[in-house]
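Dear colleague,

Please find below the structure that I am handing over to you, with its sequence. My notes on what was found in it follow directly after.

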Amino acid sequence: MNGVVIPQTPIAVDFWSLRRAGTARLFFLSHMHSDHTVGLSSTWARPLYCSPITAHLLHRRLQVSKQWIRALEIGESHVLPLDESGQETMTVTLIDANHCPGSVMFLFEGYFGTILYTGDFRYTPSMLKEPSLILGKQIHTLYLDNTNCNPALVLPSRQEATRQIVQLIRQFPQHNVKIGLYSLGKESLLEQLALEFRTWVVLSPQRLELVQLLGLADVFTVEEKVGRIHAVDHMEICHSAMLQWNQTHPTIAILPTSRRVRSPHPGVHIIPYSDHSSYSELRAFVAALKPCRVVPIVRQQPCGEFFQDSSSPRLPILMIPHSVQQYMCSSTRKSNVLWQLERRLKRPRIQGVMFESPEEKADQAKVDRDTKKHRSENLSPWPADLEKLCPHPLPARKQLFPDFCRKECDDKVLFCDSKKMATVLTAPLKFSMQLQPLETREEIGVGSHLIPRRGNGSPARGNQSDSLLSHISKNTHLATESRGLALKYLLTPVNFFQAGFSSRNFDQQVKKYQESTV
């Protein structure tokens, strides 16, 4: 892609990537060759400035909407705003680039100084007679077409190359002539050949429309067998095509180009006819303008060292006006949002069955485990919570009944004694059980030991949903036997209940314990 965003300005020439354009707001198209329109399509939706012929081709070939195309007359100066209010402006002048139909050079003048962007051009001395260039203006930055900027590459003028083509065709008076061209350019060469040999030139319908737009002589047709000279795409000229053409009628082919190409067939002739300036022409052009800086358009071929003796060292101090800065920055934010929205709308929607990836499933399982752990921590008291409940805890003691549960659970048990509260904490077990209500405990013979009776002999009743701690905390004095019985009930290992927990089994264990203590 041969295009550029001019630094510290809102100007972009032949550059159509909005994501990479940064703060560019004014877009210019020098001509319609494909290497200068990369990224430009029918979806373009910003003002675009070009010549009238390029504007016509842009709409016809790339289907760019006319509402975004701004055609500027060649040779005239046009004032364009550089901010939203029109406070800061610049002047742009279009100069014929002598390259292909509609090709122009852009001369920009504004707070940034004077910038000349040549695009692709073929230099002629008449260019220096342009009013915008003969006024003695200092060119601060010259963006130069350096396609043929090679001292070892010597090219003839286009007039001389045309004479070579004419002489070649005269050597084959009975042959048809195939001239390989790009989709745009060298139409004037075809006109000269038609007039020289007094024959029709056969074109494609698309190129015929173009030559009619240019106002060339009426020497073109689309009928295959009418004319001797045929304009074809340069890719069509190959070995197999030459064999096929010569089977029907003797044929020669001509490739008018300055590129180094290899002839695929003895009947294919390479003529150095170029629409780009030669090295000597570039030297003459730069020497006449004396720019402060030369910037090559074709970045793969640097050429600055060839023009150091022709450059002027004076460079202006660039100060970007505040209104232009605001215009560039604010528009950038808006364009980025619109671009992201457009990408999101164009993103294809996934249809069908959605499967969870193994990574996402593993992450969800981890979250579930953490949630369960958090809930268990909140439901069961641990030593940290026990310290809050018991400000004066007793030293940890070994479990009661060591002979019974030494193998099953040999961890320490924390508990505390208090006149108002008694808290019992067992080691963490995989089995959790809930104590039964007080009435049930009284029925199984342990309620009389845990719950004191009032003077009338009735048991003190409270809310049956209260925990065991709330009942014990009412000035209860636990006897040693009762405390041991309760602790045995609470600290019985889990495997002890594997046979099935019931009040009958528990009564038998209590009876066995009482008999052993007698």
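**Core and helix packing**

Leaving aside residues up to four places away in sequence, Leu193 touches Ile165, Val166, Ile169, Ile179 and Ile229, where contact means heavy atoms within 4.5 Å. Please note that this is a predicted model, in which local features need pLDDT of at least 70 and side-chain atom pairs count only at pLDDT 80 or more, while totals for chains, interfaces and linings use all residues. Residues are numbered from 1 along each chain as its sequence is written, and side-chain values use heavy atoms, with hydrogens and water left out.

Leu193 is one of the residues with the most contacts inside the largest nonpolar core, together with Ile165, Leu190 and Phe220. That core has 25 residues. At least two of its residues come from each of helix H4 (158-170), strand S11 (176-181), helix H5 (187-197), helix H6 (205-214), strand S14 (229-233) and strand S15 (251-256). Another core, of 24 residues, lies apart from it and includes Leu26, Phe28, Leu82 and Val324. A nonpolar core is here a set of buried Ala, Val, Leu, Ile, Met, Phe, Trp, Tyr and Cys residues joined through side-chain atoms within 4.5 Å. Buried means under 20% relative accessible area, exposed over 50%, and partly exposed in between (1.4 Å probe, protein chains only). Helices (H or I, at least four residues) and strands (E, at least two) are DSSP runs, numbered from the N terminus.

How do H4 and H5 pack? Their angle is about 40°, and their axes are 11 Å apart; H4 and H5 are therefore oblique to each other. The axes are lines fitted to C-alpha atoms, for helices over the stretch in contact, and angles run from 0 to 180 degrees between N-to-C directions. Angles under 35 degrees count as roughly parallel, over 145 as roughly antiparallel, 65 to 115 as roughly perpendicular and the rest as oblique. H4 and H5 make a right-handed crossing; a crossing is right-handed if the near helix is turned clockwise from the far one by less than a right angle, and left-handed if anticlockwise. In this contact, Thr162, Ile165, Val166, Ile169 and Arg170 of H4 meet Leu189, Gln192, Leu193, Glu196 and Phe197 of H5. By class, the contact of H4 with H5 has six nonpolar, two polar and two charged residues. For these classes, Ala, Val, Leu, Ile, Met, Phe, Trp, Tyr, Cys and Pro count as nonpolar, Asp, Glu, Lys and Arg as charged, and the others, Gly among them, as polar.

Within H5, the buried residues include Glu187, Leu189, Leu190, Glu191, Leu193, Ala194 and Phe197. Arg198 follows H5 and has a positive phi, near 50°.

H6 also packs against helix H2 (residues 52-62), the two axes coming within 12 Å and crossing at roughly 155°. H2 and H6 are therefore roughly antiparallel to each other, and their crossing is right-handed. Here Ile53, His56, Leu57, Arg60 and Arg61 from H2 meet Gln206, Glu209, Leu210, Leu213 and Leu214 from H6. This contact of H2 with H6 has five nonpolar, two polar and three charged residues.

Ala12 lies in strand S2 (residues 11-13) and is buried, with a relative accessible area of 1%. Beyond four places in sequence, Ala12 touches Val4, Val5, Ala24, Leu26, Phe27 and Phe28. Ala24 sits in the loop between helix H1 (18-21) and strand S3 (26-28) and likewise counts as buried, at 1% relative accessibility.

**Backbone notes**

Most residues other than glycine have a negative phi. Gln8, in the loop between strand S1 (4-5) and S2, has a positive phi near 60°. Gln8 is partly exposed, at 46% relative accessibility. Lys290 has a positive phi near 50° and is placed in the loop between helix H8 (279-289) and strand S17 (293-296). At 49% relative accessibility, Lys290 is partly exposed.

**Overall figures**

The protein has 17 helices and 19 strands. Of its 518 residues, 40% count as buried. Among contacts between residues at least 6 apart in sequence, 60% join residues at least 24 apart.

With kind regards
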